[in-house]
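Q: I should like to learn how to read a structural model feature by feature. Please give the general idea each time, and then the case at hand.

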Amino acid sequence: TEPSRYAAAAQSRKLRVYGMPAAELMAMDPACLGERSIVIVSSLNGVMPEAVQALRWANEKGAFTIGTTAFPGTPIDQESGVSLIYQEARNAHPYTQMYGITLLLTFTILDVLEGNKLIERLPGQMENLDQLCAKAGECYGGEKLDEFIARFAHKNMIYVVGSGPNYANAYYLATCYLLEIQWMDASPINSAEFFHGCLEIADR
């Protein structure tokens, strides 16, 4: 996931860190990928064709593979070197959700390979995150959420802006929730790029 990729790229002094769609990974076919590589493949339902194909492809190249999915018994679960099952329930603790699981995994790898001790701070931060998420739900749910929906439901185009580890949330909201589920025109924009073109056609 993007928060984990961002964290590993920012914190690691030795590792090459990439994050991309499964199909793009196979198309790129990095020369450095092999027996000394760790490939983490994530698929919510555990059966996404290109994710399963990439997992098998990485296994054939001798990489150590880790699969994350919400559904045990699926190819991502059964064909990974190590499989981690996460929860998708809205009220699930951050530890057990996709971001929590992959962050714990990432900082464990950094600790084992490089002696990075930030993993020791993660449990407390996760507890804080659980409380912050609950507070955010209280602040921005209910009437505020209804007002937001009424204001933007009929817009021709929605830009969802984010950056750093939070760019993933902008991507998921625009691509998965608005485009795929609601059939609304939306685009995720990195906040560093917003003033390079997007601003010209944004509502003022």
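A: A disulfide is a pair of cysteine sulfur atoms within 2.5 Å. By this rule the count here is 0 disulfides. The model is a predicted one, in which local features need pLDDT of at least 70, side-chain atom pairs count only at pLDDT 80 or more, and totals for chains, interfaces and linings use all residues. Residues are numbered from 1 along each chain as its sequence is written, and side-chain values use heavy atoms, with hydrogens and water left out.

Q: What is the mean pLDDT of the protein?
A: pLDDT is the predictor's confidence in each residue, on a scale from 0 to 100. The mean for the protein is 89, and 99% of its residues reach 70 or more. Where pLDDT is low, the predicted coordinates should not be read in detail.

Q: How many helices and strands does the protein have?
A: Helices (H or I, at least four residues) and strands (E, at least two) are DSSP runs, numbered from the N terminus. The secondary structure comes to 8 helices and 5 strands. Along the sequence they follow the pattern α-α-β-α-β-α-β-α-α-α-β-α-β.

Q: How far does helix α6 reach from its first C-alpha to its last?
A: The expected span of a helix is 1.5 Å times one less than its number of residues. Helix α6 (residues 122–140) has 19 residues and reaches 26 Å, close to the 27 Å expected. G142, whose phi is positive and near 60°, follows α6.

Q: Which residue other than glycine has a positive phi near 50°?
A: That residue is D29. D29 sits in the loop between α2 (22–28) and β1 (38–42), and its relative accessibility of 36% makes it partly exposed. W183 is also not a glycine and has a positive phi of about 60°. W183 belongs to the loop between α8 (167–181) and β5 (186–190), and at 75% relative accessibility W183 is exposed.

Q: Where does N116 lie, and which backbone nitrogen lies 2.9 Å from a polar atom of its side chain?
A: A polar contact is a pair of N or O atoms within 3.5 Å; within protein, one must be able to donate a hydrogen and the other to accept it, and residues adjacent in sequence count only if both atoms are side-chain atoms. N116 lies in the loop between α5 (98–114) and α6. The backbone nitrogen in question is that of L118. N116 counts as buried because its relative accessibility is 11%.

Q: Which residues does N116 touch, not counting residues up to four places away in sequence?
A: Contact means heavy atoms within 4.5 Å. On that basis, and with residues up to four places away not counted, N116 touches Q11, F107, L110 and D111.

Q: Which backbone oxygens lie 2.9 Å and 3.2 Å from a polar atom of the side chain of T102?
A: T102 is in helix α5 and is buried, with a relative accessible area of 3%. The backbone oxygen of M98 lies at 2.9 Å from a polar atom of the T102 side chain, and that of Y99 at 3.2 Å. Leaving aside neighbours within four places in sequence, T102 is in contact with T1, S4 and T68.

Q: How far apart in space are I38 and F71?
A: Separation in sequence and separation in space are read side by side. I38 and F71 are 33 residues apart in sequence and 22 Å apart in space, C-alpha to C-alpha. I38 is in strand β1 and touches F64, I66, I109 and L113, not counting residues up to four places away in sequence. By comparison, A153 and M184 are 31 residues apart in sequence and 8.6 Å apart, C-alpha to C-alpha. A153 is in the loop between α7 (142–152) and β4 (158–162).

Q: What share of the 204 residues is buried?
A: Buried residues make up 32% of them.

Methods: Buried < 20%, exposed > 50% of the residue type's maximum accessible area, 1.4 Å probe, protein only.
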